[in-house]
Amino acid sequence: MRWLTKGLLLSVIALLLLSLTACNKAELEKVKVGEVTRSIFYAPQYVALEKGFFKDEGLSVELQTIAGGDKTMTALLSDGIDVALVGSETSIYVTLQGANDPIQNFAQLTQTDGTFLVAREKMDSFSWDQLKGSTFLGQRKGGMPQMAGEFVLKKHGIDPIKDLTLIQNIDFANIATAFASGTGDYVQLFEPTASVFEKEGKGYIVASFGTESGNLPYTSFMAKSSYLKDDAKTVQAFTNALQRAQEFVQNESAAEVAKIIQPYFENVDIAIIETVIERYKAQGSYATDPILDEGEWDNLQTIMEEAGELPQRVEYEKLVNTSFAKKAAE
């Protein structure tokens, strides 16, 4: 009889635990996030997911990769996702097209360009003048990588149209393949491709566009103004988790961060992941907090103007909401 009572008690406890677990899962607020690409550049986001920082804040984040800024913004505008991780310039494009529910940047993830200049031949020393007369395989016209790239070229006295042969009609996904196949003397590449090419002897990193173009809101989390207002608690929880992840990436070694985010890059050697993280950390590409400041916003629009892609400037206060980021950083 005692055994039966004990067994019954254990069953009741198990049912209670199961019920509590189910309640906890039900209490998690779902947030649908669309990232414009899968990139080591976004390491803090994956850290927040893997370390359970979002869950600690009561959130269940569903992440999907939506290739292309235009497609990512379409998903956001049509409520296919709640939050978009994409270049801040997209919020400007949408606003200038007359969006009824303005898209606002509420948390910054990266604060520099993430591309590198890769040369076909190994160089003992490099100067930007060496690009003159060369064939340069750049990024898609109108995108932030291309605009930052041209801004840097002009900064060093190089006219992208007159001083070199600029190729920018190749799809983003095929740029690396085109260079590996023999197109171009130089190419503008993201990581980990740049480091992989260097390891395989297909190209050599000679300069960083991120270092040269200065701080700007290269990639930010953004949402509709209505979402920020109606789901303010959820947005604050999301930003709090991101802040924790940003601090973790800053304070931990590249090796530790690489180990945590490796599940998101199964086809990339962990040594390459570590190299990329170390490189981005060294040049300050990962934002140390989610606050997008006005100086960065102004630099972004200056770069867009230089590229001829900004019909008119948009006020910082209109498209940037720092209330959540500032509270998270307290």
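Thr 95 sits in helix α5 (residues 89-96). Helices here are DSSP runs of H or I with at least four residues, strands are runs of E with at least two, and both are numbered from the N terminus. The model is predicted: local features need pLDDT of at least 70, side-chain atom pairs count only at pLDDT 80 or more, and totals for chains, interfaces and linings use all residues. Residues are numbered from 1 along each chain as its sequence is written, and side-chain values use heavy atoms, with hydrogens and water left out.

**Thr 95**
- Thr 95 is buried, at 14% relative accessible area; buried means under 20% (1.4 Å probe, protein chains only).
- Its side chain reaches the backbone oxygen of Ser 91 at 2.8 Å.
- Beyond neighbours within four places in sequence, Thr 95 contacts Val 314, Lys 318 and Leu 319; contact means heavy atoms within 4.5 Å.

**The sheet**
- Five strands form an open sheet in the order β2-β1-β3-β10-β4, with mixed pairing; two strands pair if DSSP finds at least two bridges between them.
- The edges are β2 (59-65) and β4 (103-110), each pairing on one side only.
- Neighbouring strands of this sheet are turned by 25° against each other on average, direction ignored; axes are lines fitted to C-alpha atoms, for helices over the stretch in contact, and angles run from 0 to 180 degrees between N-to-C directions.

**Strands β4 and β10**
- β4 and β10 (residues 219-224) run antiparallel, joined by 6 bridges.
- Ala 107 stands opposite Phe 221 in β10.

**Helix on the sheet**
- Helix α2 (residues 43-50) lies across β1 (29-35), β2, β3 (83-86), β4 and β10.
- Helix α2 runs at about 140° to β2.

Terms used
Buried means under 20% relative accessible area, exposed over 50%, partly exposed in between (1.4 Å probe, protein chains only). A polar contact is a pair of N or O atoms within 3.5 Å; within protein, one must be able to donate a hydrogen and the other to accept it, and residues adjacent in sequence count only if both atoms are side-chain atoms.
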